[in-house]
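Welcome! Let us take a walk through this structure together, one stop at a time.

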Number of protein chains: 2
Amino acid sequence: MIEYTGLNALDDGWVIAETEFDARFLGKFETIFCQGNGYLGLRAATEESYPGERRNLFVAGAFNRFANQEVTELPNAADMVQLEIRLNGKPFHLEKGKIHSYRRELDLRQGELRRDILWEDEHGDQFKMTFLRFVSLQDRHLMGMRVEITPLTKSAEISISSGINGQMTNSGAQHFIEGERRVFDKELLQLTATTSESNIEFVHTCVHQMYEGGVRLTTAPAPSMDRRRVSLTYKLKAEVGKCITLDKVASVHTSHDKEWRDRGAAHQALQDTAREYLSKKAEKGFDVLVNENEQAWINVWAKANIEIKSNDVFDQLAIRFSQYHLLLMTPAHDSRFSVGAKGLTGEGYKGHVFWDTEIFILPYFLYMDPQTARKLVEYRYHTLNGARTKARDNGYRGAMYPWESAATGEEETPEWGPVDIVTGKPTFIWTGKIEQHITADVAYGVWHYYQATGDQEYMDRYGYEIIFETATFWASRLEWSDKEQKYHICDVIGPDEYKEHVSNNAFTNYMAYWNMTKAIECTRKLMQAQSDVYLTLESKLALTERLKEWEDKSKQIYLPQPDMHSFIIPQDDTYLNKQIIDLEKYRDQDQVASILADYSMTQLSEIQVSKQADILVLFYLLEDWFSKETKAANWHYYEPKTLHDSSLSLSTHSMLASDVNELELAYDMFAKAARIDLGTNMHSCDEGIHSASIGGIWKAAIMGFGGVRSWEGSLRLNPKLPQAWERLSFPLAWQGERLQVTVTRGKLEVERLTSGLGELTLLIHGREYVLKDRIVTDLKEAERSE
Amino acid sequence: MIEYTGLNALDDGWVIAETEFDARFLGKFETIFCQGNGYLGLRAATEESYPGERRNLFVAGAFNRFANQEVTELPNAADMVQLEIRLNGKPFHLEKGKIHSYRRELDLRQGELRRDILWEDEHGDQFKMTFLRFVSLQDRHLMGMRVEITPLTKSAEISISSGINGQMTNSGAQHFIEGERRVFDKELLQLTATTSESNIEFVHTCVHQMYEGGVRLTTAPAPSMDRRRVSLTYKLKAEVGKCITLDKVASVHTSHDKEWRDRGAAHQALQDTAREYLSKKAEKGFDVLVNENEQAWINVWAKANIEIKSNDVFDQLAIRFSQYHLLLMTPAHDSRFSVGAKGLTGEGYKGHVFWDTEIFILPYFLYMDPQTARKLVEYRYHTLNGARTKARDNGYRGAMYPWESAATGEEETPEWGPVDIVTGKPTFIWTGKIEQHITADVAYGVWHYYQATGDQEYMDRYGYEIIFETATFWASRLEWSDKEQKYHICDVIGPDEYKEHVSNNAFTNYMAYWNMTKAIECTRKLMQAQSDVYLTLESKLALTERLKEWEDKSKQIYLPQPDMHSFIIPQDDTYLNKQIIDLEKYRDQDQVASILADYSMTQLSEIQVSKQADILVLFYLLEDWFSKETKAANWHYYEPKTLHDSSLSLSTHSMLASDVNELELAYDMFAKAARIDLGTNMHSCDEGIHSASIGGIWKAAIMGFGGVRSWEGSLRLNPKLPQAWERLSFPLAWQGERLQVTVTRGKLEVERLTSGLGELTLLIHGREYVLKDRIVTDLKEAERSE
């Protein structure tokens with residue numbers, strides 16, 4: 001473990017501060033300090049450059065495929081953040097000279113990244129330097145930065161080169177064909193580039209204003225153009241104590257943006273629009289733009305504020321950090337895309353969408369921001385045809401969702417991964433071929449959305465069709481075992497990805513069964529209650545025929561049962577027969593996946609070792625199907641064999657520990673989960689934030705300790721605070737209503753913020769309550785009655 | 001001007017040393033310390049990374065076009081030089097900690113780059129670090145490096161990550177489609193990649209051996225694969241005073257290599273061959289490979305050693321540096337390619353071939369290494385069809401050589417360059433359209449080669465055809481002026497590129513005339529003496545018809561004449577009428593092209609200002625056509641208006657100053673020319689070496705002070721040493737013979753090293769000498785008799 005103490009929670013958990021600069025840890029802070037608004041994602045590389053830095057700027061959904069052999073990914077747009085600052089002719093950076101004081105902080109209240117440095121160069125000259133940066137939540141195309149430099153000991157020559165650098169790649173893959181470079185009016189720069197395969201034009205624009213002691217400088221900077229670059233260099237002599245300020249406002253527009261997508265070859269119009277847009281913004285003045293962004297964030301927090309009174313202020317920080325990043329990663333403006341496994345914070349997983357979205361991220365929006373949740377479930381309808389293609393290509397019927405999804409819903413999982421330590425070849429990645437539970441997870445997401453929102457219009461237009469098509473996939477996927485006289489599902493990967501090519505993975509079989517029975521239930525309901533929708537879908541999908549198949553087959557799916565004595569459910573057909581080894585050395589969270597340095601994937605499959613929660617996720621999704629005893633027994637059996645080498649693991653374990661009343665274990669797991677990105681593993685998030693873990697932090701807190709669940713249209717609240725927490729208060733959206741839930745030691749208060757029609761029924765620790773305006777209840781009593 | 005005193009000539013001009021590390025000047029040393037062998041060019045980026053570094057590894061002739069909109073260029077192969085060295089967990093680099101002693105030196109004797117550092121980290125721990133690197137002159141696919149680290153104050157944890165990094169781009173353009181990555185036997189790595197358009201497979205292979213106190217370590221390093229990358233990490237604890245050594249041997253093979261070009265899809269065989277090749281090399285042991293490379297260089301210098309006894313040892317260094325780089329830049333192994341304007345040392349000019357080759361580089365090989373010279377003139381025959389295409393596409397006949405040439409001979413000049421400071425748009429690059437003198441320059445190169453070598457076989461197979469096709473281009477290019485009753489050549493750029501769209505550029509018109517008259521002369525000679533060659537070419541080119549056109553038209557070409565009083569020849573129709581301004585501030589060689597920050601190209605064309613030698617080059621090429629008075633007068637008229645903003649300018653001025661007996665001016669210009677790359681302009685060669693200037697150093701020394709010229713098959717020697725020089729001795733190849741020429745103050749000695757058939761006639765200062773074995777002559781007397 002690396003000793004590092006420079007990451008702190010400040011201001012009651014609103015501010016994350018880096019108080020010590022260490023160039024080894026660039027990646028960590030680039031990721032956690034990332035800024036964005038669901039459209040733009042700007043990795044927090046510093047203005048000055050360091051080896052190993054990763055300058056990323058992504059636009060949600062603007063995928064491109066570099067070469068036929070590769071999968072599509074989010075291309076790295078031009079960098080507009082890097083500055084070459086020279087003080088008395090020498091480039092400024094922090095690995096030389098002397099740092100007298102240093103603080104970089106992300107203020108979650110308004111999404112601002114600030115850096116304050118008192119720095120002394122090699123010659124003993126001191127400078128005060130401050131940096132401010134935002135990506136506007138008010139204007140999704142907009143970002144801004146301010147640099148202030150004050151020479152403290154003697155006057156200094158200051159030179160700043162700033163511009164647009166389109167030389168960026170995705171780890172070497174260049175997605176853009178060079179477009180135009182222009183300098184307008186000596187201060188506005190524009191650079192365009194078009195993606196090579198998807199033909200999306202990116203228009204990068206930026207404008208500069210330079211001040212000396214608060215007075216706008218009018219001398220023109222020196223323009224410069226290079227390959228894929230355009231920049232300006234400002235040079236001036238700064239007196240002691242006089243502050244030099246550079247304000248830079250920048251924007252990205254693309255021809256893939258909703259408002260441009262169907263306008264064809266409107267390149268010139270797009271460029272002109274971008275220029276006018278940015279000029280107008282810049283005219284408002286930098287301070288106004290900063291304020292507008294602040295106000296937008298204040299409005300968000302006013303609706304979304306979750307308060308945790310804990311012994312450890314880090315818990316409060318973690319939940320806010322999670323909410324902050326959930327906003328950044330989610331394209332709430334456009335349902336053509338969804339959430340990448342690393343959001344828009346890094347190149348990891350190439351912007352692809354996994355089951356992470358439905359199982360780990362969607363819940364947050366379901367219960368906090370259902371309008372955005374709808375976007376996420378619409379995405380799966382937009383990509384339904386891709387899933388149909390995948391099913392057909394694999395010899396199945398219905399819709400087989402891709403393990404990794406991007407623009408179309410076709411499979412985007414790359415084929416080759418890290419080195420296999422035995423063969424010296426890259427490891428073949430099987431998930432895209434055989435991690436098939438994703439198809440049921442998508443259906444579950446749809447149903448979960450419906451239950452939490454009651455959005456019948458969504459179901460009629462999109463939701464039912466997804467549930468029917470996925471159920472049909474499973475019907476075609478089942479394999480009849482003559483011996484067992486059951487349907488099996490063979491050769492899959494379950495959630496536990498250290499077990500490849502297993503049969504009858506419990507999670508997969510149960511979810512397939514759930515998917516088919518849900519389709520049966522929906523079909524019957526439509527037949528009875530909604531004949532118009534039924535008729536439409538019948539004519540499209542031949543429902544009657546399918547219904548019979550679902551009914552016949554679902555009855556005979558093999559569902560692994562808990563052992564009568566131990567309550568253990570076998571994770572798959574062979575797991576429980578495998579070798580048990582001492583895993584202690586591999587369970588260190590600072591060395592994720594360290595077991596792969598000693599064992600190849602083939603060798604791992606012969607050991608009782610799990611990468612992550614598998615059967616436990618099932619207990620969470622289908623909680624009423626399993627007894628508390630079964631849940632507890634399996635938790636204690638599988639957890640010690642689990643390395644938590646997936647960031648999806650700890651939060652699930654925490655939540656399930658809450659379910660089985662292991663509150664301190666739950667808190668321990670929550671604390672670890674909350675530190676996957678924010679903790680002392682200084683390289684865990686180099687490739688980007690762990691989106692699912694970020695959603696998991698909220699889940700462990702609100703669905704775990706807050707005990708929020710829904711089951712078949714009824715809202716459940718089973719709050720249980722860990723020792724360290726005194727109070728947990730959170731807003732909750734439920735079927736069009738907004739509630740505020742406050743849990744203190746022994747007391748639960750539910751306030752109704754909206755005045756919807758009729759009464760709301762809640763199940764609190766199993767007991768029914770009718771909510772009119774407010775419920776206050778004694779938790780000890782409620783728990784007792786459970 | 002930047003103050004920097006850390007560049008030194010050592011060991012009698014054999015060693016260039018950087019004695020002070022300054023990260024601002026990475027580019028300079030990356031370029032001048034470049035290593036190679038005409039096949040590989042390895043830029044001298046350091047093992048550790050710094051922002052702004054440029055890691056380049058080029059393979060001669062392996063061009064690729066990134067996108068249709070772009071021109072073809074030499075792609076940047078995978079990097080195998082970068083190492084991540086961690087000392088006690090912290091990355092090693094020189095911008096932090098304390099440098100107690102530092103020296104990096106390129107030893108020209110054996111092309112070795114060595115670096116010795118005594119470094120203290122932030123905690124006060126000291127390390128001795130030495131680095132050695134070579135690109136083998138013995139095996140053109142091979143390079144090697146050795147790193148030695150010794151902890152001096154206490155034992156240390158040392159970790160070194162080393163591998164193959166295919167994430168490299170050409171300033172953002174990625175030319176490669178990712179291929180395979182493999183680890184063999186825990187120490188040999190291989191990475192393949194294929195160019196996207198030209199479909200050339202690059203196979204990068206490297207093998208590692210690690211020693212501790214001289215004992216080979218057998219513990220396996222940790223392998224790692226990433227996108228486009230494969231690497232190994234060695235970790236060990238080093239005791240105080242014990243040296244850790246990493247030997248890395250690497251190779252590059254491509255499917256474009258001569259021996260593979262026609263083998264089709266032999267990818268597997270190529271990879272296997274590369275692996276076997278490298279394993280065999282590695283088995284020999286690092287020291288043996290070092291020695292083999294040393295021996296190859298010793299053999300080169302034994303034949304090519306030029307000695308200058310000067311007041312300033314820098315002159316000796318400069319000439320050796322020039323010879324070193326001439327070897328590096330020239331693909332002597334393959335006539336399918338020629339010399340790029342930046343050799344293989346940087347991305348500048350994209351590996352393209354200019355008139356630089358014929359006029360500035362070819363002479364070195366003509367008089368030093370005629371076999372290599374032949375490769376260069378063969379290249380123009382290989383690209384003759386491309387030149388025919390260009391002529392046809394532009395509405396002309398014959399062969400119109402491209403201003404920038406690459407694989408095919410079609411025009412490769414990019415269309416857009418640096419910013420136009422008035423419009424804010426990129427500047428349109430006109431050279432590819434209208435800098436047409438290149439076509440005559442190519443013909444001149446052919447003739448020059450023939451005169452110096454007497455290689456009739458070349459002429460019969462290739463040379464005549466080039467001369468005839470280029471003459472035919474000129475015949476079709478001439479424009480009849482009714483008013484003047486002459487043929488004009490309008491709307492061109494001459495050598496002086498600050499004058500675009502001029503008419504009757506003297507250089508162009510004279511060279512076109514020369515080209516046509518030379519074609520006439522050759523045709524007549526063939527008719528008389530070589531009827532077989534004549535008949536072949538007649539049937540191919542319809543010579544008889546062409547002859548008439550050449551004769552009719554060449555007689556009437558307008559050739560600007562010297563003014564009767566001033567002797568000034570107008571550079572073009574309008575130059576002498578333009579405004580004269582004070583150019584002093586733009587003549588600083590540390591600020592090349594600074595005038596473009598104040599004037600656009602359009603504005604420049606209205607001023608009597610020249611970028612570079614124009615008419616002076618004509619005096620050099622066609623020296624007998626102009627009187628000494630004319631040469632002197634024009635030198636003094638045009639030089640003060642010349643900014644020497646092209647690196648082709650100073651050496652030409654030096655040589656011509658020698659011609660007109662301005663020896664101290666000539667020496668001054670030589671000294672400046674020799675410092676274009678090696679001097680205190682710390683950014684002049686960031687984009688790569690100035691190949692033409694490198695050739696120019698040799699020309700100014702040997703053709704200027706040594707006075708070596710040839711004219712129509714006779715060798716002339718007019719040596720005139722500048723004050724600073726006491727002795728100049730150089731080998732000389734002439735029509736199959738090898739001579740050694742030694743000039744001292746007042747004395748010339750010519751020794752014949754070969755015993756060819758018959759006598760050799762020389763013109764020394766205009767007087768005929770017959771060389772049998774040796775001539776020793778009094779120069780003062782010879783000069784007097786001139």
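The paragraphs below go from the chains and domains down to single residues. Please keep in mind that this is a predicted model.

Now turn to chain A by itself. Chain A is divided into domain 1, residues 33-278, and domain 2, residues 307-705. Taken over C-alpha atoms, the centres of these two domains of chain A are 38 Å apart. The contact between them takes 22 residues from domain 1 of chain A and 25 residues from domain 2 of chain A. On the side of domain 1 of chain A that touches domain 2, the residues divide into 8 nonpolar, 9 polar and 5 charged.

An unreviewed UniProt entry carries the annotation "domain: Glycoside hydrolase family 65 N-terminal" for residues 18-256 of chain A. In the model, that span is 3% helix and 51% strand, and its end C-alpha atoms lie 36 Å apart.

The next stop in chain A also comes from a record. For "active site", UniProt lists E497(A), again in an unreviewed entry. To find E497(A), look in the loop between strand 24 (486-488) and helix 12 (506-529) of chain A. Is E497(A) buried or exposed? With 20 other C-beta atoms within 10 Å, E497(A) is buried; the cut-off for a buried residue is 20 or more. Leaving out residues up to four places away in sequence, E497(A) touches T431(A), K611(A) and S646(A).

One more element of chain A is worth a visit: helix 8, residues 384-393. The buried residues of helix 8 of chain A are L384(A), G386(A), A387(A), R388(A), K390(A) and A391(A). Helix 7 (370-382) and helix 11 (456-477) of chain A are included in what covers them. Just after helix 8 of chain A comes G395(A), with a positive phi of about 85°.

Let us cross over to chain B and its helix 3. Helix 3 of chain B, residues 267-284, has 18 residues and reaches 26 Å from its first C-alpha to its last, close to the 26 Å expected at 1.5 Å a residue. Which residues of helix 3 of chain B are buried? They are L270(B), A274(B), L278(B), K281(B) and A282(B). Seen down the axis of helix 3 of chain B, these buried residues fall within an arc of 100°, so they line one face of the helix.

What covers the buried residues of helix 3 of chain B? The cover includes strand 11 (142-151), strand 15 (201-212), strand 19 (244-254), helix 2 (258-261) and helix 4 (286-304) of chain B. Just after helix 3 of chain B, G285(B) takes a positive phi of about 100°.

Elsewhere in chain B, look for L42(B), which has its place in strand 4, residues 40-42. L42(B) is buried, with 30 other C-beta atoms within 10 Å. Not counting residues up to four places away in sequence, L42(B) touches C34(B), Q35(B), G36(B), L57(B), V81(B), V135(B) and M143(B). L42(B) and M143(B) are 101 residues apart in sequence, but 9.0 Å apart in space, C-alpha to C-alpha.

We finish with two residues of chain B and their backbone angles. N88(B) has a positive phi of about 50° although it is not a glycine. N88(B) is found in the loop between strand 6 (83-87) and strand 7 of chain B, and is partly exposed, with 17 other C-beta atoms within 10 Å. A593(B) is not a glycine either, and has a positive phi of about 60°. A593(B) lies in the loop between helix 14 (543-554) and helix 15 (601-604) of chain B. With 13 C-beta neighbours inside 10 Å, A593(B) counts as partly exposed.

Notes. Residues are numbered from 1 along each chain as its sequence is written. Chains are lettered from A and ligands numbered from 1 in the order in which they are written. This is a predicted model: local features need pLDDT of at least 70, side-chain atom pairs count only at pLDDT 80 or more; totals for chains, interfaces and linings use all residues. Domain bounds come from an automatic or database domain assignment. Two residues are in contact if their C-beta atoms, placed from the backbone, lie within 7 Å. Ala, Val, Leu, Ile, Met, Phe, Trp, Tyr, Cys and Pro count as nonpolar, Asp, Glu, Lys and Arg as charged, and the others, Gly among them, as polar. Helices (H or I, at least four residues) and strands (E, at least two) are DSSP runs, numbered from the N terminus. The expected span of a helix is 1.5 Å times one less than its number of residues. A residue is buried if 20 or more other C-beta atoms lie within 10 Å of its own, exposed if 12 or fewer, and partly exposed in between; C-beta atoms are placed from the backbone. The arc is that of the directions from the helix axis to the C-beta atoms. UniProt positions are given in the numbering used here, feature names are shortened, and annotations may be inferred rather than shown by experiment.
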